[in-house]
Amino acid sequence: MASQEEIFKKLVSHCKEYGFVFPSSDIYDGLGAVYDYGQNGVELKNNIKKYWWDSMTLLNENVVGIDSAVFMHPTVWKASGHVDAFNDPLIDNKDSKKRYRADVLIEEQIAKYEDKINRETEKAAKRFGDAFDEQKFRETNPRVQETEAKKAALHARFAKALNDENLEELRQIIIDEEIVCPVSGTRNWTEIRRFNLMFSTEMGSTADGATKIYLRPETAQGIFVNFLNVQKSGRMKIPFGIAQIGKAFRNEIVARQFIFRMREFEQMEMQFFVRPGEEAAWFEKWKQTRMRWHKALGLGDKKYRFHDHDKLAHYANAATDIEFEMPFGFKEVEGIHSRTDFDLSSHEKFSGKKIQFFDPELNRSYVPYVIETSIGVDRMFLSVLTGAYSEEKLEDGETRTVLKIPPALAPVKLAVLPLVKKDGLPEKAREIMDNLKFEYHCQYDEKDSIGKRYRRQDAIGTPYCVTVDHDGLVDNQVTIRYRDTMQQERVPIVRLEQVIAEKLSMKNLLKTI
Ligand code: ATP
């Protein structure tokens, strides 16, 4: 069986070969950690965005959307804390000259302890069979206990160093844990330095005094600075939310995992404004709602978990991540943060404008508290593709690569395939396309054998293929072939839409959240 690393490599080349993701400026050998979406990628990405947008703005009558500009007044980033505190602790290996995030190196070490425990447990489960009591084993096995203790100690030490912003201690942890550079294999580390992640540029010509401005590193601030505009123009009452999808930019120094960590990426963020004191309950509610949104896609409930933050950002009083099991381990796809009144209060202070809500029920004004849900479109895209990618051995000994993308998100919904290029079959196929194209993205394909055409559609995740044959000209039936089961069924053309509609419908998907 292929290792996870090999599968990931295959997935990356699959993305390029089948028009999902290309390196940016490919003919110039690419630009680090910047990617373009191809003809299939853009469809999948748009469908993911629609799934999120509709789940926010249709399913919640108190959530509305905005679309704010990438460029913002430079003081926004002073007020938000990004100018002073948006940085990563970086460490270099002197032999390989590779740079790493110190916190990530340590997190990976913690994950190694976890893996060790899981491996021990799996081995024991196999040995003991049905009689295996996992909880008891984890609580009593000396080897597991020992690793568990090491993990807990490291975890506590790491959390303290992060919260104290103690860079020397972070470095000492790396030394004490004997963490080596994956490239050189040595422990020859530099000191840790902090590096601000914001890109800056200039607005206006230098002659008349250009202003340094930043490319937004998150979309959230566009929501905060529009709080009053939306609240007043929409006559919104607390609690309410503002959602936004848009590009964000971070000068990530360590950017190696394909579209997992990009320098230009897209976020889907929702800020939910609540009464002070009610934030804990709302935090819990949004945590659960967001997890249901992920799980509704059917990629496998076990692939998700919550991960509470060890270090809270300067603005937060509670924070958790939703992690997805990528080929390189469980990784953050979405962050849910209780941001207190930090942002609005800070913008009050820096702008001199009163940013408050008069609550008629309480008969007083206050600065609302905020629960944020923040998910990266690109990481979501990657989680859908890794969850969907599968290589299957077929009965005839061949292998098929199939993307089992949730049908409502699939780039192409239906392929229409005339058995041969003559005898009126292409015309009949076009007729079917013309009927369905207003609702569904269909693809017509008449080249090569039917088998080859099926494989091409499997590779881009098309849930349904419809073959038009000679009998169909007489009985007005077609053969529908299902992507996941490869089963085939004869259906009257008039019933086709009904057969495919249920699974393709975004509405039905939204209903399962
Ligand atoms: P990480 O710790 O992985 O750098 P983060 O905690 O800084 O991520 P947030 O600031 O919480 O991330 O951003 C919210 C979401 O935006 C993340 O959950 C992720 O999906 C997405 N995101 C953040 N940085 C990137 C990036 N460089 N490339 C792609 N997506 C990103």
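Here is a walk through the chain, from its overall build to one helix pair and a few backbone details.

What you have is a predicted model, where local features need pLDDT of at least 70, side-chain atom pairs count only at pLDDT 80 or more, and totals for chains, interfaces and linings use all residues. Residues are numbered from 1 along each chain as its sequence is written, and side-chain values use heavy atoms, with hydrogens and water left out.

Let's start with the whole chain. It holds 18 helices and 23 strands; these are DSSP runs numbered from the N terminus, with helices being H or I of at least four residues and strands E of at least two. Along the principal axes, the C-alpha atoms fill a box of roughly 75 × 65 × 55 Å. Of the 513 residues, 49% count as buried, meaning under 20% relative accessible area with a 1.4 Å probe and protein chains only (over 50% is exposed, in between is partly exposed). Look at contacts (heavy atoms within 4.5 Å) between residues at least 6 apart in sequence, and 65% of them join residues at least 24 apart.

Now zoom in on a helix pair. H7 (residues 142-163) and H8 (residues 167-176) pack at an angle of about 155 degrees, with axes 9 Å apart. The axes are lines fitted to C-alpha atoms over the stretch in contact, and angles run from 0 to 180 degrees between N-to-C directions. H7 and H8 are therefore roughly antiparallel, a label for angles over 145 degrees. On the H7 side, Leu154, Arg157, Phe158, Ala161 and Leu162 meet Glu169, Leu170, Gln172, Ile173 and Asp176 of H8. By class, that contact has six nonpolar, one polar and three charged residues.

Finally, a few backbone spots. A cis peptide bond, with omega about 0 degrees, joins isoleucine 238 and proline 239. Proline 239 is in the loop between helix H10 (227-233) and strand E9 (240-249). Serine 25 isn't a glycine, yet has a positive phi of about 50 degrees. Serine 25 lies in the loop between strands E1 (21-23) and E2 (35-37), and is partly exposed at 35% relative accessible area. Aspartate 423, also not a glycine, has a positive phi of about 65 degrees. Aspartate 423 sits in the loop between strand E19 (414-418) and helix H14 (425-436), partly exposed at 43%.

Notes: Angles under 35 degrees count as roughly parallel, over 145 as roughly antiparallel, 65 to 115 as roughly perpendicular and the rest as oblique. Ala, Val, Leu, Ile, Met, Phe, Trp, Tyr, Cys and Pro count as nonpolar, Asp, Glu, Lys and Arg as charged, and the others, Gly among them, as polar.
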